[in-house]
Amino acid sequence: MYDFGLVGLGVMGQNFILNVADNGFSAYGYDLDDEKVEALKTLGGDLDKVSASSNIKTFVKNLKQPRKIMLLVPAGKIVDGVIESLLPHIDKGDIIIDGGNSFFTDTDRREADLQVKGINFFGAGVSGGAKGARRGPSIMPGGSKSAYEHIQPIFEAVSAKYNGEPCVAYLGPKSAGNYVKMVHNGIEYGLMQLTSEIYDVLKKGGDYDNDELHSTFAKWNSGRLQSFLVEITSEIFEQEDDLTKGRLVDQILDKAKQKGTGKWTSQNAMDLGIPVPSIDVAVSMRELSALKDERIKADALYDRPSVTHMDKEKLEELTEKALYFSFIITYSQGLHQLADASKEYGYDLDISVIAKIWRAGCIIRAGLLADITEAFKAEPSLPNLLLSPNFVDKVKETVGAARELVAFGAQNGIPLPGLSNSLTYFDAYTSSKLPLNLIQAQRDYFGSHTYERLDREGIFHTEWED
């Protein structure tokens, strides 16, 4: 009998189940595709702890009770279909774990439905891609705490480690795990957009070639910008193209696709009333990038300023500081959303724990997360990272560079929407007086929506027209 079952033997599932076996637990896989089943048996043959089947009855019968069955399949109706196919064969007390990027309300619905049937269910976001699944991902579980205790030893064994600590922790009830993974992905969108903008301004504003871009990002990765995304960015610029002479990055079409988690983050932030403009614009830029044919036509219709090249030493200093500043702002927005969602949905999230399990294994892992962990440990109810004494000096030291770089981009026709939105968010969040009093006056003028006053309590309305 096997300790752990996994449904979905694609690259991610295959790597995860081999990781489980590497760490001393027997694991049994299931997939409708016989080729994937045989591939897993071949890869796991020397481990003597891995097997698989394309027969669901055989799969379930080979698992120890309470059965621990993880699903690594695409989000949506496929998850519901797999659950339905499992139900006739499993027993009360068994555990189903959704390891995909399911929308959090779907997780709440599934947990409620399965609870009635006596089946434990929880969502566990898994970050790190296929390599992370094999070597150690960051895992974000939420749902039944008692059910999690059965899977905890396996998850702690297979997860990434940061200074010996596993990058997994029980996060909260219901859909807490899927929600945290959703916001993780929203932050990921923001950081990727910012990194692409810095690449653009170095190339256009400093005439950097790919070797210079590689060495610059590699240098940054050894400093305060140390992160998975900066690391892989440096490596991307070195990759030769197999089909042409030159580097691969220069042959890749500038149309970025998406699977929806960034959009979900943005949409839900609006529902909660939490501003996340660095994430919003990252989603919008992927949508704008898809309009390639229209962009080509528009480019031919309008003049663009001639780019004035900046001294490379100065540009490198400005871009490093601006990227660090905007990384802080993007994490601030995502964590602010998590804090408010925790209250709204009853998750009781500990933001310091979330930052801690993001320090290794996941796509947004970064040296900055160690400082973020400490900030929320010192002040668990901190509403926004910008209010942390640990971050005030970091922001003060870098915001000037962000201002200068945004101005340089505007003057030279280099679009920097992520950086611009990060700066605007900072200026608005740190302004004790905003011009929204005029908006309230306009709303009252045309719609009698009322307003509040600075000098006295109460709700007021004015008859603005004679």
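Start by selecting Lys181 and Glu188, which the unreviewed UniProt entry marks as "active site". Of these residues, Lys181 is in the lining of the largest cavity. Keep in mind that this is a predicted model.

**Stop 1: Lys181.** Show helix α8, residues 176-206, and find Lys181 within it. Is Lys181 buried or exposed? Its relative accessibility is 5%, so Lys181 counts as buried, the cut-off being under 20%. Now display its surroundings. Leaving aside neighbours within four places in sequence, Lys181 is in contact with Asn101, Gly125, Val126, Ser127 and Met140. Zoom in on Asn101: a polar contact of 2.8 Å joins its side chain to that of Lys181.

**Stop 2: Glu188.** Stay on helix α8, which also holds Glu188. Glu188 has a relative accessible area of 14%, so this residue is buried. Beyond four places in sequence, its contacts are Leu229, Ile363 and Ile364.

**Stop 3: the largest nonpolar core.** Select Leu338, Trp358 and Ile372, the residues with the most contacts inside this core of 82 residues. Next, colour helix α14, residues 312-345: it supplies the largest share of the core, 13 residues. Domain 1 (4-174) and domain 2 (181-429) each give the core at least three residues.

**Stop 4: Trp358.** Which residues does Trp358 touch, its neighbours within four places in sequence left aside? Its contacts include Ser138, Met140, Val180, His184, Leu335, Leu338 and Ile364.

Technical notes:
Residues are numbered from 1 along each chain as its sequence is written. This is a predicted model: local features need pLDDT of at least 70, side-chain atom pairs count only at pLDDT 80 or more; totals for chains, interfaces and linings use all residues. Side-chain values use heavy atoms; hydrogens and water are left out. A nonpolar core is a set of buried Ala, Val, Leu, Ile, Met, Phe, Trp, Tyr and Cys residues joined through side-chain atoms within 4.5 Å. Buried means under 20% relative accessible area, exposed over 50%, partly exposed in between (1.4 Å probe, protein chains only). Helices (H or I, at least four residues) and strands (E, at least two) are DSSP runs, numbered from the N terminus. Domain bounds come from an automatic or database domain assignment. Contact means heavy atoms within 4.5 Å. UniProt positions are given in the numbering used here, feature names are shortened, and annotations may be inferred rather than shown by experiment. On a 1 Å grid over the protein atoms alone, a cavity is a set of points where a 1.4 Å probe fits but cannot get out, and a pocket is an open set with protein on both sides within 12 Å along at least five of seven lines; lining residues have an atom within 4 Å of a point. A polar contact is a pair of N or O atoms within 3.5 Å; within protein, one must be able to donate a hydrogen and the other to accept it, and residues adjacent in sequence count only if both atoms are side-chain atoms.
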